[in-house]
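Q: I would like to go through this model with you, one topic at a time. Shall we begin?

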Amino acid sequence: MSRHQHQHQHDHHHTKDLNWGDMALFLEREAEIQGPAYARATAWLGELVPAAGVRRVLDIGSGPGVVTALLADAFPAAEVVAVDAAPELLERARARAESRGLGARVSTLHAELPAGFDDLGEADLIWAGNSLHHLGDQRAALATFATKLRSGGLVALVEGGLPARHLPWNIGIGRPGLEARIDAVNAEWFGAMREGLPGSEEEIDDWRALLASAGLTPSGTRSFLTDVPAPAPALVREKVVAHFTHQREVMEDRLTAEDLTTLDRLLDPADPHSLHHRPDVFHLTARTVHTARKG
């Protein structure tokens, strides 16, 4: 499983040179901003599978453990295992669990999937948050998830939804539609990323059909909205600045000179049109959760 998995839909780009210790705070803030939406999602899972009967949960691609802690809250009788390929992020997950009094029930597992599938063990619930698409053979991965599920257990895939938006279409500088053009670049990157994965198999993103092909019974799909309207609070504004800063760094050879100039102005604290001062900065996105049951 690629360490890049934690940034799907907000920072698709090359990651081979990323410092995961430096990225941890960004990833934490991203998940915290969407925390209320994820809390609603985990509460919904508790309606699909009896919370008292869930004894072990796997959080595949846990990152710094924000959702791991939410899963532990939603399933108070369960051991929750944060599974990730980045030790730095697992350290954050452990610290977050300890700070919330969940240390006795939250553990971590360093695993690079698919090679580490055998280390996962059985579970009553498997949560894969924007991680499945970073495995070359998604159909085979789901079949493996099915073998790890206990009878009556549930798989929850976070895949799809809506790309994040932070600015209006016309921001008064540069050509309107900047974020749509950034999305187009990210979409091209995503296709190339999928093609380059070891054992990559092309699949239609029909998650219900893929779950059924693994021998699971689809049990519902819901999308969960995160809507932080303008004017954005300081935490969201800081996250938006970090997001566009990173986009500027990785898209220098992919965007037009005009768009790069616009990004430079958005990131310049001395510019009155910058993200630091704009009253119209917001955060709007949605995450879609697909579920299926074993047996």
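Q: Is Asn130 buried or exposed?
A: Asn130 is buried, with a relative accessible area of 5%; buried means under 20% relative accessible area, exposed over 50%, and partly exposed in between, with a 1.4 Å probe and protein chains only. This is a predicted model, in which local features need pLDDT of at least 70 and side-chain atom pairs count only at pLDDT 80 or more, while totals for chains, interfaces and linings use all residues. Residues are numbered from 1 along each chain as its sequence is written, and side-chain values use heavy atoms, with hydrogens and water left out.

Q: Where does Asn130 lie, and what is its phi?
A: Asn130 is in the loop between strand 4 and helix 5 (138–148). Helices (H or I, at least four residues) and strands (E, at least two) are DSSP runs, numbered from the N terminus. Phi of Asn130 is near 55°, a positive value in a residue other than glycine. Most residues other than glycine have a negative phi, and most peptide bonds are trans.

Q: Which peptide bonds are cis, then?
A: The bond from Leu113 to Pro114 is cis, with omega near 10°, and so is the bond joining Ala230 and Pro231, where omega is about 0°. Pro114 sits in the loop between strand 3 and strand 4, and Pro231 in the loop between strand 6 and helix 8.

Q: Turning to the sheet: what is the strand order?
A: The sheet is open, with seven strands in the order 3-2-1-4-5-7-6 and mixed pairing. Strand 3 (106–110) and strand 6 stand at the edges, each with a single partner strand, so one side of each is left without a neighbour in the sheet. Neighbouring strands are turned by 20° against each other on average, direction ignored; axes are lines fitted to C-alpha atoms, for helices over the stretch in contact, and angles run from 0 to 180 degrees between N-to-C directions.

Q: How many bridges join strand 5 to strand 7?
A: Eight bridges join strand 5 (residues 149–165) to strand 7, and the two run antiparallel. Two strands pair if DSSP finds at least two bridges between them. Arg165 has Leu284 of strand 7 as its bridge partner. On strand 6 (residues 217–228), the pairing with strand 7 is also antiparallel, over 11 bridges, and Gly220 stands opposite Thr291.

Q: Which strand runs parallel to strand 5?
A: Strand 4 (residues 123–129) does, through six bridges. In this pair, Trp127 stands opposite Ala156.

Q: Why is strand 7 described as largely enclosed?
A: Strand 7 (residues 283–293) is largely enclosed by the rest of the structure because nine of its 11 residues are buried.

Q: What lies across strand 7?
A: Helix 2 (residues 35–48) lies across strand 4, strand 5, strand 6 and strand 7, running at about 160° to strand 6. Among the buried residues of helix 2 are Tyr38, Trp44 and Leu45.

Q: Which residues have the most contacts inside the largest nonpolar core?
A: They are Leu45, Leu71, Phe75, Leu125, Trp127 and Val289, in a core of 27 residues. A nonpolar core is a set of buried Ala, Val, Leu, Ile, Met, Phe, Trp, Tyr and Cys residues joined through side-chain atoms within 4.5 Å. Helix 2, helix 3 (66–74), strand 4 and strand 5 each give two or more residues to this core, and helix 2 gives the largest share, six residues. A second, separate core has 26 residues, including Leu120, Ile126, Leu132 and Leu210.

Q: What does Leu71 touch?
A: Leaving aside neighbours within four places in sequence, Leu71 is in contact (heavy atoms within 4.5 Å) with Thr42, Val57, Asp59, Val80, Leu125 and Trp127.

Q: Lastly, where does Glu88 lie?
A: Glu88 lies in helix 4 and counts as partly exposed, at 30% relative accessibility. Helix 4 (residues 87–99) lies across strand 2 (79–84) and strand 3, at about 175° to strand 3.
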